[in-house]
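Subject: Structure handover

Hello,

Please find the structure below, for your own work. My notes on what turned up in it come after.

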Amino acid sequence: MHASLHCCPSSTLKADPLASSSLQPGDLVGVQESKGNQLAVVESLQGSKARLKLGFDRKSVVLPQRQLNLLCPLPSGADLPDGLGASPWHLKAENVHPSCLDRRSWGSAWLLLQEADETVEIDFFSDLVCGGSSPSQLALCWLALMGPQLWFRYKQDQITARSATELKQLRRQQRLKTLEQQREQRWKQLLSNRQQVDLPSLPQTLRDRFEQLKDLISGSLEFAQLERVVQQSLVGLRLDQDRAELRLLLVDLGLWDPHQLASMAGTTWSSGFSPALLEEAERLVELNESELPGDSERIDLCHQRCVTIDDEDTRDIDDGIALERRDDGSQRVWIHIADPGRLIEAGSALDLEARRRGSSLYLAKGNLPMFPECLSTGPFSLRARKRTAAWSIWAELSSDGELGDHGIQRSWVQPTYRLSYEDADELIELAPPEDTDLAELDALLSRRRDCRVRHGALLMDLPEGRIRCRDGQPSLEVSEPGRSRQMVAEAMILAGAVVARFAEINDLALPFRSQLTADLPPSSELDALPDGAVRFAAIKRCLSRGIMGTQPAAHFSLGLASYAQATSPIRRYGDLVVQRQLQALFSSKESGEGSREEPLDRDDLQALLNDFDAAVREGIGISREDQRHWQQVWFEHHGKEQWAAQFLRWLRPQDQLGLVRIDDLAMDVAAECPRDSEPGEGLLITVQHVDSARDQLRLLASAH
């Protein structure tokens, strides 16, 4: 320690008030700047400002005098110095570096001033800490006091020692600030490096920020709702306006599956079923074996040769068909529909979850069911040789396919066997004497289809290609419109027509499906187009979207006066609503006045439809995005190939964007086409650019 308070006059601890003197050219000053504190020499005064030679590089600047602290006035008679290293200052950068301070003297000065509870000025403080008040020592002390030190308070050229309590608190704040700075630095490095991160090992603050980024991608969070530091980091990386690039960043960080759909994140589909719902589902599986209210009123149709026909990998089977040969020689078509309402009560937790989903979701990697799988593939499903609760719809057809007698009943059924579409096609084709049911059903339903065509129905069956994900790899699966697919589709349409007719007769509100009449091109124009995809494309562009409402109305492309989807209650919530309305109608007719269950009126039903229709549309959007993504992945794997195609129609002629049909893939896709392309013209398709991560696919069509 170079000085002590006992060396000072007892009346005051303050030295000469140099800092309060007026500035003059040649003075040594300290400069307070946001970028850091520096030393300077006053070159000239300009009113309230001063021109300075700043720092050891002698850069000339003009600054307000309020930013300057006088350290040493120019000695009288001395020449005006040209910078810090000139006479009379002779300062050297290495002599004013903070490392030159004696930390022990610094600490002793704090202890001395704190115990005395006194205030000193910088020249006295310099003598106390450095053993003198030369220009170098004053400059060194000023830089140290103005730096990040916590020991002393330096204000208006007065130096006071902070209390031990205040010092402890400031040190704690400094540690927290340092940790925050380190965390911010780590956050920026994680984003900039774009390398995989171990999320569980990160501090909770950083984990929360990455969750915010995921929510931003999914659309559940807006940019303005992000934490400010997250906003700033995205702006710095130019990701504030491009969610596709942000998604790529998270993919690089290993925090986002490159095949995960942004539209599905944050939805009910992304989290699966809760443990409580799964537990309730298991309880219902066990309850299925018990006798439940209404079971005794069901008609027993287990003797029927009921058959279910589905794709090979379908496990939730919600419909089957059977043929009844009556004593009078007539035939009756039966369509049996699964009855999940036997176990799922309206308003129950599982019912509300199904309503939130609206339907099962069909993705390239597999299905996400509307109900837990133990139910949808278990007691709900029409499994072969399993006695199962059902809704059974029957219909008799006239010789020209018109709907005759019909009815709807709750039943017990026991499917005889399950067939794939390929197996069913073979049975229809061969019609073995011991099993002619499918061939006869095919003939009946073909008659019905011809009837609908006479009423204006549009038949536009084509092979349909879809991309599936098998073991992480995209594969093309083409569904051919074989006889069994057409037969099953016609049976389902017939069931919907019966249900709609039944509802009309009984003035029952249902979620009817309808479609406005379309103004199709004249026959001469359509006949001039090649039959198949080209002609269908010309027709489809004239059709309006289907409408769902509580009043029966005509469905143009089906050729029906009224129609209600009713055959997939395991997969579509609206079909379950149909069954509940039917059950309420039956109950109101069969029960006494005191226990009548009334169907929903049209207003209440419309409110219910509005409640789940948004979920249905969301599911459709997710499915389309999923198929588009995997289509792009597939083209990435086959980018060197080329395919023959037919030009169907223009989508945006100004951009040369047309719709083409690639028969080998059974797909209609958009492609850049020659300007003179005409419907039916042969083209050759190549991949111009594809990037599934950025949702980009450009196909180029050239003359074949």
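R315 and E373 form a salt bridge through their side chains, with N to O at 2.6 Å. R315 sits in the loop between β10 (307-310) and β11 (319-325) and E373 in helix α11, so the pair ties together parts that are 58 residues apart in sequence. E373 has a relative accessible area of 41% and is partly exposed. Please keep in mind throughout that this is a predicted model.

The count of salt bridges comes to 52. Another of them joins the side chains of R326 and E324, at 3.3 Å from N to O. Both partners are partly exposed: R326 has 29% relative accessibility, and E324 has a relative accessible area of 23%.

D613 and R617 also meet in a salt bridge, with 3.0 Å from N to O. The two are four residues apart in helix α18 (residues 602-637), which means that about one helical turn separates them. Elsewhere, E180, R183, E184, R209 and E227 belong to one network, joined by salt bridges that share partners.

Charged surface patches

A patch of negative charge on the surface gathers E312, E422, D423 and E426. D423 lies in helix α12 (residues 421-430). Its relative accessibility is 39%, so D423 counts as partly exposed.

Helix α2

How many of the nine residues of helix α2 are buried? The answer is eight, and the helix (residues 122-130) is mostly covered. The buried residues are I122, D123, F124, F125, S126, L128, V129 and C130. After α2 comes G131, which has a positive phi, near 80°.Backbone geometry

Most residues other than glycine have a negative phi, and most peptide bonds are trans. The points below are worth a look against that background.

S87 and P88 are joined by a cis peptide bond, with omega at about 10°. P88 is in the loop between β5 and α1.

R238 is not a glycine, yet its phi is positive, near 60°. This residue is in the loop between α6 (228-236) and α7 (243-252). R238 counts as exposed because its relative accessibility is 72%, and the cut-off for exposed is over 50%.

R385 is also a residue other than glycine with a positive phi, in this case about 65°. R385 is found in the loop between α11 (373-376) and β15 (388-397). With 60% relative accessibility, R385 counts as exposed.

Is T567 buried or exposed? T567 is buried, since its relative accessible area is 6% and buried means under 20%. It is placed in the loop between β21 and α17 (573-590). Beyond its neighbours within four places in sequence, T567 is in contact with D318, D319, I337, M492, A495, R572 and D575.

C542 is in the loop between α16 (533-540) and β21 (547-549). With a relative accessible area of 27%, C542 is partly exposed. Which residues does C542 contact, leaving aside its neighbours within four places in sequence? They are A518, D519, L520 and P521. As for L508, which is 34 residues from C542 along the chain, the C-alpha atoms of the two are separated by 32 Å.

That is what I have on this structure for now.

Regards

Key. Residues are numbered from 1 along each chain as its sequence is written. This is a predicted model: local features need pLDDT of at least 70, side-chain atom pairs count only at pLDDT 80 or more; totals for chains, interfaces and linings use all residues. Side-chain values use heavy atoms; hydrogens and water are left out. Buried means under 20% relative accessible area, exposed over 50%, partly exposed in between (1.4 Å probe, protein chains only). Contact means heavy atoms within 4.5 Å. Patches are made of residues with over 30% relative accessible area and no salt bridge: like charges are joined within 9 Å, nonpolar side chains (Val, Leu, Ile, Met, Phe, Trp, Tyr) within 5 Å. Accessible areas come from the Shrake-Rupley method with a 1.4 Å probe; for residues, only the protein chains shown count as cover. A salt bridge is a side-chain nitrogen of Lys or Arg within 4 Å of a carboxyl oxygen of Asp or Glu. Lys and Arg count as positive and Asp and Glu as negative; His and the chain ends are not counted. The place of a charge is taken as NZ of Lys, CZ of Arg, CG of Asp or CD of Glu.
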